Amino acid sequence: MNHRKITRRTVLRGLGGFTVGLPLLEEMVTTRAHGAGRKQPVPVRAFNLFFGLGIPAPLQNEGFKGVLEPLEPLSDKLLIMRNVDQVRCDHSGLNAHFDGASGAFTATAPNGSAKSGGASIDQLVRRAHHPEGLPGNQLTTLVAGTFFRRSRISRYIHSYNPDGTIAASMQEKPRDVFDRVFGKIILDGNGKDEKQNRLKRSVLDAVVDQYRHYTGANSPLGQTSKSRLKDHLDRIRELEQRAFALENQTGEGAHIPPLPPRSKLKHEGQADPGGQGIEMKLEELTEEWRLMADLYAMAIRTDRVRFGSLTFLAAGERIRMTGDYHYQGRKIFTFDDAGQLNASGDKGCSHEWWHKFSEKGENKALRAHAHMKMNEVAYFLKALDDENSLEINGKTILENSLITISTESGDGRHNNVKRELSGVFHAISGAGGRFKTGEIMDIGAEGIDVYNTMLTAMGSKERLGPTQRERTKIDRIRA
Amino acid sequence: MPFHSKVRDQLKVILPGLFLVLTCNPLLSAERITKGLLALYDFSGTDEVTIRDRSGVAPAMDLKIENPKAVSRADGVLNIQGKTRMRSLKPATKVLNAVRQSGEITVEAWIHPENTTQSGPARILSISKNISERNFTLGQDGNKLDARLRTTRTSKNGLPSTASKSGSLKAALMHVIYTRSRSGNASIHINGKQVAKATIAGTPSNWDGSFYLSLANEASGNRPWKGSYHLVALYGRSLSGDEIQANFKAGAGAKSEELLARMRVADQARHFHREVAPLLVKHCLECHDTATSKGKLDLSHKAPAMAGGKEGKVIIPGQGSQSLLWQIVADNEMPEDREPLSDREKASLKKWIDDGAHWPVEMIDPLAYKSGPNANNRFVRRLTVPEYIETVRGILDVDIAEQARELLPADLRADGFSNTAYNLGVDLKHIEAYSRLASIAVQKMDVGKFAARFSSNRSLTQKPMRAHIAKLGEWVLRGPLEEHEINTFRGISTAVAANGGNFDQAMAYILEAMLQSPRFIYLMEQQNEGSTPLPASNYELASRISYMIWGAPPDGQLMQAAGKNELTDPAGAEKQVRRMLKDPRARKRSEHFAYEWLHLERLKHINPDKKRFPDWNNQLAEDMMAETIAFFNDITWQQKRPLTDLFNAQFTYATPQLAKHYRFTEVPGKQPGTSRKNDKLIRYDLSQIPSRGGLLTHGSILTIGGENASMVTRGLFILHDLLRGTIKDPPPGTDTTPVDSRPGQSQRGIAEMRINDKACGGCHKKFEPLAFGLERYDGLGSFRKHDRYKNLLREDGELTLPGNAKRIAYQSSAELMDILAGNERVAENITWKLTQFALGRPLGGPDIPVVKAIHALALENGGNYPETMIAITLSDLVRIKPAANTFPGGK
């Protein structure tokens, strides 16, 4: 593997010479230093971490001896929740790849092919703590992921507004994340000519004025459309911040982080040829994912991002994987999905192992795939739990944040809705001592009640799901 | 009969309950006009303190009689004998909202003034605060009427006023109407005759939301009026001369019972669409649709639902508690093994039956009730990337296609199309791209020459620059600018002047700002947040029509028609649409529709197993796409054939490579035809080739099944995208792993096993037989009679279509194509898809009656693409802005 971990140190060392660059040295300072100087409290953060295809409920029962093994080093910082029921997310006519993925973090059935049934956890936490929006130098939400199945948006996007629309656009390549978080906007004419800069600013002021009008009290628009234009206005303000407000802070001393290499993997339309799947080497996948995970973690550590979602492989992902999988020096499995399935096209993809799951069988290939996924999930979590992630209270970002980990299904056979959407794997971090950690807990409750209990603990008054529903608190997850 | 007249008649037949509300033709009867009605007081009843608003338009704006001793009521007449005032219980918000949005108002009264001497003016009707601050007042000033309307160009007191001629008002029963259009034309009519007209410029955007409605006095109590009221009505639009006549002819005693009865029907229709149909879909149709009809009960169609099932009638209109349907859901006996109905759903079902079980559609279309009735039509729509490119081209005559495609993120598909409004959000990349593209576009143009189109004055000073901005902005932003917008853009020119810049530089920066304006990037409209439907304005119609027909902004002629208020007249709109359909942009737009509907984008990413398909290459995929587009164009534009001919027309187009793939080398009747690159695309007559003919025999469509030619995927494509059907989850206990063919068992055999399986067959029989006729085409569309295991492949089958339990047998793929081409559901689905693409939003249950009317009308005129587009653009889905939380076509 050629991937070299991005740390704050490597970022600060910088390479220089790129047209896009980190505009602000101050932002590269970890939140600990930031907080120490200004006595700011540890920020509230909420992220949704999704992995595709799920872990069949019987395998979850094996604890850290089975496919959950890679999470064991983080076990004291996570609460693993088994037996969480997402059956209410079932949408007649669709299988659990889509239903379950749409229900992850929202606890509601999808609404159309590109909308969720309601808000996701991270967005309600954001609304509770930043009702007037985030400061201009922070992204409202960062949605990113390494995934290849694209037929429906809910398969890979996991942050949603209350109206079910996506909370932010997906950044699906490491360079996209880099540009989105650290890139400096270069506007035409936004150079050293001060006069031209002033006039460009005047243009932007005029544009902002118009969006203000359309989001204000005298707007001719209804609430839904106003919210849409409010998003637009927020993005303009971010552009202003990047293009003008920060321009004076890019002088000497403002180092440029390394521009990620171009992705070697297929993306966008090429990544999903009509659901037929694509070939992929394990090393290529993990290399790109780890770069993505590092950049996302860096965005959190530099306090550019407090809310959002990260996806490692989409729901119903179709990949024909090859390559040896090693964990801690021991070989776990040799992936060769098409060869082992003796099939091409979609029938030669790894997700067929989920269809073939048998409680009495060995499920070797499925276990290896699931183990590998947990290893990559753990990679991201560890990136928020190292020395660079220590905060003012002596805890790591992982410990201080709410990171909800979930997936699409508790079973992969598509043959029983109840079984398929029951026992969906969930794990959460402690969120600054709000939730218990260090346990594997059998919840035996609906995801909607778990999520709403989490929202209560996170200070949100808004709730997921139908307002008339009688709610059950799952207080035993709270610290 | 002109087409637009047919639209009205068609709608009248199909929507009897709604027709009066929305499309009433005043010349047909002396019924009162109700379109745009906001409040209606007929003074019936004997309540001593309250006068009821009988418009039926929520919220009711009842009036309180503040001094009951000063009035008497009898036979629908309110006599004002002393000083009093009738005042609304809350501010007149529904009037305010409607008038602000439409820019129009009509106030009507049947009154009998006590004398012709009272003045002040004495307030007949007023929405005001005191004697000097008002939104609107109609008063008596001696023997004439005086009307004051506040706009951005009149004073807070509504001055200058509009007054009727001296002597026009008498102490007798009189019908008086004040009406004012968005363009500022105001008039007063007495007894059907115009007695005053004036231009009241500006907009009512500055109306004060805190003012109450008062009758017989000013809000401050010092302008009393005496006489009798027989009827008072307020409308959120201007009434035409014919409509004024109709209300006059209806008379002072026009009772509102009939109107209310019709409105009740509309209310019941709304309740059905919003509450009842969705709950039937969610809880009942899985087992009780036409195909399954457990217990012989079919709740998906009106007639069988009312007839009942094995247990007899389940719905007794008017008697909810006696109806078996309600009883068994109330007791949670049904749905079986499913989540019971919520208390709200149960109550809703009972109310529906109690109210007479009004069922306004023939069949409940499950797909149409997936989302709430208004879930998708409240989003302002951003221009898609192709629309943005065409808009810059149309407005500035500048081509930035290459840069726009590079800088703007691609639009993602949602509900089958990439122009679905709710999914057209923005990210930072959009903002950056809009900014850079604005700059690029302006750099590419001759700004001075462009600006000179609007004014020859090149001064940077206040007055000429404001006028210049107003004219230029009206063109760039697709409608007149408001004052605050002129101020905003004027700010840029002053900044340029302050920095020593010249006129051209000022215009360049102003254009940059305009190109980033929400009015440029979005299809901006005055959205209707009120409780009554409103007509779209002329400029709104111009944009709606042009983006539907062209995917581009209005041209000069369309803008001119909007400026002359010609588009709110269906005849004027139809004339424009017919003109626009002759423009090459209309063809381009239709190609875009076909590309998205059939998901041809998919062809760019096909990557089959090279061992099995060594001859596949990307050029072949492009040729397949070109075949389908050329075929679509031929049917749609060259021959203008019915759109259903897309499924069985006996010709196609192919490049030499594709012809070889299809084995066309020996095809007789080869004709030279449309050329593509290097004249490679040739038209082929297929009348002697039974294996080909129609979209479903195109490689572009056949590849949908993947390299294994999945019958499930192909069948689902036909079910979902051609028949608008739905299907439930795989049933418990089924292994859903795809099964490959093997010696002795082809995909057809495997499909039949699934169909015969008790667990799978219930659903698979609904869609796999749709693909039986395609078995002889492999995953890449090649025709063969045996598969790779030497199994003989078949092409016969038997299918059922959504909403119809009748089985239809076919012997060949050609027969299957004929069945689809002749099927009403398929035909209607094309109209449905075209309408969805035109509107940029998924359609819902409440849209069904209007879409049916569009379809019927289009069929009557040939069922081709141009006539379908005309029917769409002239329908209420385009011309009317539905009320918030209600449905299009209803109140």
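A salt bridge here is a side-chain nitrogen of Lys or Arg within 4 Å of a carboxyl oxygen of Asp or Glu. By that rule, the interface of chain B and chain A has 4 salt bridges. In one of them, D176(A) pairs with K429(B), with the closest N and O atoms 3.5 Å apart.

Some conventions. This is a predicted model, in which local features need pLDDT of at least 70 and side-chain atom pairs count only at pLDDT 80 or more, while totals for chains, interfaces and linings use all residues. Residues are numbered from 1 along each chain as its sequence is written, chains are lettered from A and ligands numbered from 1 in the order in which they are written, and side-chain values use heavy atoms, with hydrogens and water left out.

Back to the interface. Counting contact as heavy atoms within 4.5 Å, 77 residues of chain B touch 72 residues of chain A. The size of an interface is often given as the accessible area lost when the parts come together. The area buried between chain B and chain A is about 6100 Å², and carbon and sulfur atoms give 53% of that; buried area is the accessible area (1.4 Å probe) that two parts lose on being put together, summed over both.

Which element gives the largest share of the side of chain B that touches chain A? It is α11(B), with 10 residues. Helices are DSSP runs of H or I, at least four residues, and strands are runs of E, at least two, numbered from the N terminus.

Now chain B as a whole. Its secondary structure comes to 32 helices and 22 strands. Of its 891 residues, 61% are buried, meaning under 20% relative accessible area (1.4 Å probe, protein chains only). Among contacts in chain B between residues at least 6 apart in sequence, 68% join residues at least 24 apart.

Next, the backbone. The peptide bond from G120(B) to P121(B) is cis, with omega near -10°, and P121(B) lies in the loop between β7 (105-113) and β8 (122-128) of chain B. Another cis bond joins M334(B) and P335(B), with omega about 0°; P335(B) sits in the loop between α7 (324-330) and α8 (343-354) of chain B.

Last, positive phi. A431(A) is not a glycine, yet its phi is about 55°. This residue is buried, with a relative accessible area of 0%. A709(B), also not a glycine, has a phi of about 50°, and A709(B) is buried at 9% relative accessible area.

Methods. Buried means under 20% relative accessible area, exposed over 50%, partly exposed in between (1.4 Å probe, protein chains only).
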